[in-house]
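Here is a quick tour of a protein model, written for someone who likes to know the cut-offs. Have a look at the sequence and the structure first.

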Amino acid sequence: IETIAFKLFVGLCGLVHKTKKKEVDRAANMIACASILSGLKDYTLVQQDKNRLGKEFSTKVRAHLEANPLENVTLVLHSQGADIGSRALFHLRDLKEKITVITIGGMVTVPSRDARFVTNVCNKDDVVATIANFVFDIRSGDRTCVVAEGNGHDAVEYFPAVIGLITDNEG
């Protein structure tokens, strides 16, 4: 994600910056456009990978629930895993009453409609998740965020809040 953002940023800066030399501006614009196109290509490939991983994850969750029909599952998803898990939930709509979701510093928040119980744990000092949510979390729906103490993006920062949620939602 950082590489994609960098390519797009460099490309946009190149398009904005102008000199008095037409040849230099033309070359800079070509490089800028190439950087933007490269970033968009990378972004598309990442989204394809996430779709594939979401489908694979949903297949594993479905197999577990079908093999254990009396059980529920709790999915604990961190950072980009929240995005992949959200994509998996799309394929598990028919089983959503058996699924609890806890996101920890997710790049997206999971809407409450996607599972039996959803808690998105956020940390106001988690710059990574805050920027990712601003850029990528564009889906509509009811989202709530439980604010956890902490000062970073590492899952360990969220540990006390998450352990409480897991033990409260067992069964």
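What percentage of the 171 residues in the protein chain do buried residues make up? The share is 35%, where buried means under 20% relative accessible area, exposed means over 50%, and partly exposed lies in between (1.4 Å probe, protein chains only).

## Ground rules

This is a predicted model, so local features need pLDDT of at least 70 and side-chain atom pairs count only at pLDDT 80 or more, while totals for chains, interfaces and linings use all residues. Residues are numbered from 1 along each chain as its sequence is written, and side-chain values use heavy atoms, with hydrogens and water left out.

## Overall layout

The protein chain has 5 helices and 4 strands, and along the sequence they run α-α-β-α-β-β-α-β-α. Helices (H or I, at least four residues) and strands (E, at least two) are DSSP runs, numbered from the N terminus.

Take the contacts (heavy atoms within 4.5 Å) with a separation of 6 or more: 70% of them are between residues 24 or more positions apart. The accessible surface comes to about 10300 Å², with 64% of that belonging to carbon and sulfur atoms; the areas come from the Shrake-Rupley method with a 1.4 Å probe, and for residues only the protein chains shown count as cover.

## Salt bridges

The structure holds 6 salt bridges, each being a side-chain nitrogen of Lys or Arg within 4 Å of a carboxyl oxygen of Asp or Glu. One of them pairs Lys50 with Asp83, with the closest N and O atoms 3.0 Å apart. This pair links distant parts of the chain, as Lys50 sits in helix 2 and Asp83 in helix 3 (residues 80-91), 33 residues apart. Both Lys50 and Asp83 are buried.

Asp49 also bridges to Arg52, at 3.8 Å between the closest N and O atoms. The two are 3 residues apart in helix 2, so about one helical turn separates them. Asp49 is partly exposed at 40% relative accessibility, and Arg52 is partly exposed at 41%. Asp49, Arg52 and Glu56 are linked in a network of salt bridges.

Then there's Arg113 with Asp114, where the closest N and O atoms are 3.7 Å apart. Arg113 is partly exposed at 43%, whereas Asp114 is buried at 19%.

## Two residues to look up

Lys55 belongs to helix 2 (residues 22-67) and is partly exposed at 42%. Its C-alpha is 8.6 Å from that of Ile84, 29 residues apart in sequence.

Pro69 lies in the loop between helix 2 and strand 1 (73-78). Pro69 is exposed, at 55% relative accessibility, and 9.3 Å separates its C-alpha from that of Lys98, 29 residues apart along the chain.
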